[in-house]
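This briefing is meant for a reader meeting the structure for the first time.

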Amino acid sequence: MSTLRGRGEVQGLPEWDRCAVMGVVNVTPDSFSDGGRWFDTTAAVKHGLDLVAQGADLVDVGGESTRPGATRVDEDEELRRVVPVVRGLASEGVTVSVDTMRASVAHAAVEAGAALVNDVSGGQADPAMIPAVAAAQVPFVVMHWRGFSDTMNSLAVYDDVVAEVVAEVHARVEAVVAGGIAPERLIVDPGLGFAKRAEHDLALVAHLRDLRALGRPLLVAASRKRFLGRVLAGDGHAPPPARERDAATAAVSAIAAHEGAWAVRVHEVRATADAVRVARAVEGAAS
């Protein structure tokens with residue numbers, strides 16, 4: 001793996017010579033960006049394969065919307081949505097991540113072929129999550145999280161968002177390691193859009209190197225989020241719809257890649273795949 005910018009390696013996952021691209025498959029009727037488009041298992045698997053064809057290195061499958069204000073789906077329904085899609089993609093040789101806050105879903109998805117557990121709560125939503133991931137010996141994403149979607153907007157209160165997010169993620173990493181997950185399997189994520197306002201998200205993007213100072217590979221998930229809509233809208237105008245924020249997403253992907261992110265998580269892959277490859281070429285020219 002390239003060490004030009006020290007992106008870090010994740011034990012149990014392939015190595016890439018640049019910032020990796022994680023494509024998103026939402027098997028939900030209510031996600032903020034593309035809810036309902038890939039709700040059918042066959043359509044979801046096809047979409048995941050299409051993302052790989054467009055340049056995704058791994059595919060993140062989720063069955064529960066985490067948009068602000070969303071209510072939780074029940075466990076049986078989340079399992080019904082997620083597991084067949086994970087199995088279908090893994091059977092085609094795709095490196096699959098499962099996006100879930102439930103240990104039972106993580107366990108079933110790993111059994112179906114998932115190689116990575118991406119829990120937006122960093123193991124805080126379900127006390128069984130950390131033991132389950134430790135037992136499965138798969139990589140785990142520790143995201144900055146302060147509460148569930150129905151309350152997180154009220155928790156977006158910071159004196160120094162960068163310092164507080166770094167400190168809270170560091171504390172969570174220590175807790176996860178104490179729970180039995182090997183440090184070499186951990187990835188950190190600043191949780192853009194989760195209990196954060198637009199100015200908080202922008203500050204975190206501007207200071208990604210502070211997150212990288214935690215010493216673990218960094219995942220950046222800015223795709224189509226509210227802060228990009230606010231930037232594009234300017235003053236006094238309505239933000240563009242989520243699916244009109246892909247060029248802005250690719251811009252953040254280029255910034256993240258330049259700052260040494262291990263991976264970026266995006267809905268529209270092609271532009272970001274190009275962006276991270278250009279960033280890698282520029283790194284190579286500067287060395």
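The secondary structure of the protein chain consists of ten helices and eight strands. The model is a predicted one.

**The chain as a whole**

- Taken along the principal axes, the box filled by the C-alpha atoms is roughly 45 × 40 × 40 Å.
- Of the 287 residues, 55% count as buried.
- Among contacts with a separation of 6 or more, 69% are between residues 24 or more positions apart.

**Helices H9 and H10**

- Two packed helices are described by the angle between their axes and the distance between the axes.
- Helix H9 covers residues 246–258 and helix H10 covers residues 269–286. Their axes come within 8 Å and cross at roughly 30°.
- Angles under 35 degrees count as roughly parallel, and H9 and H10 are therefore roughly parallel to each other.
- The crossing in which H9 passes H10 is right-handed.
- On the H9 side, the contact is made by Thr-249, Ala-250, Ser-253, Ala-254, Ala-257 and His-258. On the H10 side, Ala-271, Thr-272, Ala-275, Val-276, Ala-279 and Glu-283 take part.
- Sorted by class, this contact of H9 with H10 has seven nonpolar, four polar and one charged residues.
- An α-helix has 3.6 residues a turn, so residues three or four places apart point the same way.

**Helix H8**

- Helix H8 spans residues 226–233, and its buried residues are Phe-227, Leu-228, Gly-229 and Ala-233.
- These buried residues of H8 pack against helix H6 (198–206) and against H9.

**Asn-118 in strand E4**

- Strand E4 is made up of residues 116–119, and Asn-118 lies in this strand.
- Is Asn-118 buried or exposed? Asn-118 has a relative accessible area of 3%; buried means under 20%, so Asn-118 is buried.
- Which residues is Asn-118 in contact with, leaving aside its neighbours within four places in sequence? They are Met-22, Asp-60, Ser-97, Val-98, Asp-99, Thr-100, Val-141 and Arg-265.

Definitions and conventions. Residues are numbered from 1 along each chain as its sequence is written. This is a predicted model: local features need pLDDT of at least 70, side-chain atom pairs count only at pLDDT 80 or more; totals for chains, interfaces and linings use all residues. Side-chain values use heavy atoms; hydrogens and water are left out. Axes are lines fitted to C-alpha atoms, for helices over the stretch in contact, and angles run from 0 to 180 degrees between N-to-C directions. Helices (H or I, at least four residues) and strands (E, at least two) are DSSP runs, numbered from the N terminus. Angles under 35 degrees count as roughly parallel, over 145 as roughly antiparallel, 65 to 115 as roughly perpendicular and the rest as oblique. A crossing is left-handed if the near helix is turned anticlockwise from the far one by less than a right angle, and right-handed if clockwise. Contact means heavy atoms within 4.5 Å. Ala, Val, Leu, Ile, Met, Phe, Trp, Tyr, Cys and Pro count as nonpolar, Asp, Glu, Lys and Arg as charged, and the others, Gly among them, as polar. Buried means under 20% relative accessible area, exposed over 50%, partly exposed in between (1.4 Å probe, protein chains only).
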